[in-house]
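Q: Could you take a close look at one part of this model and then connect it to the rest? I would like the cut-offs stated as you go.

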Amino acid sequence: MRLAATLAAAALTGALAQDPPRPHPPKGGIEFQSAAVRAMQADEFANPGLLWVERGQASWNQRCTSCHGDAKQSMKGVAARHPRLDAALGRVVNLEQRIDACVVGKQKAASLPYESEELLGLTAFVGAQSRGVAVQVAIDGPARATYERGKVLYNERQGQLNLACNQCHDGNYGRKMLHDTVSQGHPVDWPAYRLEWQAMGSLHRRLRACYFGVRAEMPAYGAPDLVALELYLGARAQGLASSVPGVRR
Amino acid sequence: MLGRVQVPPTAKKGESFEIRVLVQHPMETGFRRDVNGQSIPMHIVNQLSCTSGGRKVFSAELGTGMSANPYVSFYAVAQASGEVVVEWSDDRGGTGRVTATIQVS
């Protein structure tokens with residue numbers, strides 16, 4: 001009896017030390033969309049996100065080529081490694097913040113506001129250079145604390161509806177909610193064009209929409225909590241192919 | 001204004017081919033209000049036309065029923081090689097123009 005209790009306790013601590021179970025097999029968000037939306041994202045012409053990619057390319061040609069050259073080579077796989085620790089800034093930054101840090105720090109230009117057409121365009125353009133590259137974010141060393149914070153946020157109940165991310169995206173993915181299919185929460189194709197928004201939006205805009213949905217207080221764009229959550233989601237999506245720009249209902 | 005047009009690179013004379021157009025535009029209906037209750041003024045693309053080899057092959061009057069970033073697709077009969085030109089204009093005087101080349105054999 002005592003042995004059984006000890007074994008149970010050991011199993012329990014073992015389970016607690018590990019990460020909670022994740023969806024298996026992992027699937028990108030697009031696989032939970034309708035056939036029409038999937039066709040729209042796969043269409044190399046009619047995917048409306050490509051308009052922002054084009055706009056981003058124009059900005060890139062103006063601002064970035066003198067240092068970074070041809071984005072096809074210099075930016076391949078970069079988006080798939082973000083968010084990541086920025087040594088100079090001393091914190092984990094996502095792709096939007098990394099681009100803005102370059103604009104402000106290196107170009108001495110005015111900061112690009114979150115959700116501005118230019119920042120969305122540049123993020124989508126840089127993201128599109130990683131199409132097909134497996135998501136691989138680093139969560140060791142100094143980034144570990146941010147990852148742990150993201151894990152807490154992901155598993156913590158919040159808002160008036162008192163729901164945690166994992167209750168839908170780990171426990172009930174594939175089921176219907178408000179005529180949408182609940183995804184596994186793998187952000188491999190953001191920024192994405194959301195038909196509901198009639199526009200391109202960042203992952204932070206999408207995460208804020210989830211906070212709104214559970215009637216919780218929404219963190220500001222670029223808030224450390226959202227970046228921590230983004231890092232945790234990136235670690236969950238490890239190995240999935242990046243496919244920016246996405247399309248969502 | 002940003003837009004894209006796609007035509008097949010080649011077509012046979014007398015055959016029909018598809019022209020696909022995507023325009024970046026908010027297509028604001030004028031019926032919506034912002035968070036402060038203020039009316040958001042109308043802003044829509046209302047004219048879109050296409051010429052192929054100098055001949056007008058398609059034109060449309062778009063309205064408030066179109067979604068943002070409208071996607072328009074139509075067919076034309078291939079007559080001669082040359083540029084396919086798509087032009088549009090909105091109700092505030094903004095215009096846009098994109099071109100593609102088709103080889104007719």
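A: α8(A) and α11(A) are roughly perpendicular to each other (65 to 115 degrees; under 35 is roughly parallel, over 145 roughly antiparallel, the rest oblique). The model is a predicted one, in which local features need pLDDT of at least 70 and side-chain atom pairs pLDDT 80 or more, while totals for chains, interfaces and linings use all residues. Residues are numbered from 1 along each chain as its sequence is written, with chains lettered from A and ligands numbered from 1 in the order in which they are written.

Back to the pair. The axes of helix α8 (residues 144-155) of chain A and α11(A) cross at roughly 90 degrees and come within 7 Å (axes are lines fitted to C-alpha atoms, for helices over the stretch in contact, with angles from 0 to 180 degrees between N-to-C directions). Helices (H or I, at least four residues) and strands (E, at least two) are DSSP runs numbered from the N terminus. From α8(A), the contact takes in Thr146(A), Tyr147(A), Arg149(A), Gly150(A), Lys151(A), Leu153(A) and Tyr154(A). Facing them from α11(A) are Asp225(A), Ala228(A), Leu229(A), Leu231(A), Tyr232(A) and Ala235(A) (contact: C-beta atoms, placed from the backbone, within 7 Å). Sorted by class, that contact holds eight nonpolar, two polar and three charged residues (nonpolar: Ala, Val, Leu, Ile, Met, Phe, Trp, Tyr, Cys, Pro; charged: Asp, Glu, Lys, Arg; polar: the others, Gly among them).

Pro245(A) sits in the loop between α11 (224-236) and β7 (246-248) of chain A, and the peptide bond joining Val244(A) to Pro245(A) is cis, with omega about -5 degrees. Another cis bond links His82(A) and Pro83(A), where omega is about 0 degrees. Pro83(A) belongs to the loop between α5 (71-74) and β1 (84-86) of chain A. For context, most peptide bonds are trans, and most residues other than glycine have a negative phi.

Helix α3 (residues 49-63) and helix α7 (residues 117-128) of chain A pack at an angle of about 95 degrees, and their axes are 7 Å apart. α3(A) and α7(A) are therefore also roughly perpendicular to each other. On the α3(A) side, the residues are Gly49(A), Trp52(A), Val53(A), Arg55(A), Gly56(A), Gln57(A), Ser59(A) and Trp60(A). They meet Glu117(A), Glu118(A), Leu120(A), Gly121(A), Leu122(A), Ala124(A), Phe125(A) and Ala128(A) in α7(A). Here the classes come to eight nonpolar, five polar and three charged residues. Within α3(A), the buried residues include Trp52(A), Val53(A), Arg55(A) and Trp60(A) (buried: 20 or more other C-beta atoms, placed from the backbone, within 10 Å; exposed: 12 or fewer; partly exposed: in between).

The loop between α6 (95-105) and α7 of chain A holds Glu115(A). Its phi is near 70 degrees, a positive value in a residue other than glycine. Glu115(A) has 17 C-beta neighbours inside 10 Å, so Glu115(A) counts as partly exposed. Asn166(A) lies in helix α9 (residues 165-169) of chain A and counts as buried, with 20 C-beta neighbours inside 10 Å.

Now for the setting of these details. Chain A has eleven helices and seven strands, and its C-alpha atoms fill a box of roughly 70 × 45 × 35 Å along the principal axes. Of its 249 residues, 37% are buried. Among its contacts with a separation of 6 or more, 74% join residues 24 or more positions apart.

Chain B has zero helices and eight strands, and its C-alpha trace spans about 60 × 20 × 20 Å along the principal axes. Buried residues are 23% of its 105 residues. In the loop between β5 (55-60) and β6 (71-77) of chain B lies Asn69(B), which has a positive phi of about 50 degrees although it is not a glycine. Asn69(B) is buried, having 22 other C-beta atoms within 10 Å.

Finally, the two chains touch: ten residues of chain B are in contact with eight residues of chain A. On the chain B side, β1 (3-6) and β3 (16-23) each supply at least two residues. That side has four nonpolar, four polar and two charged residues.
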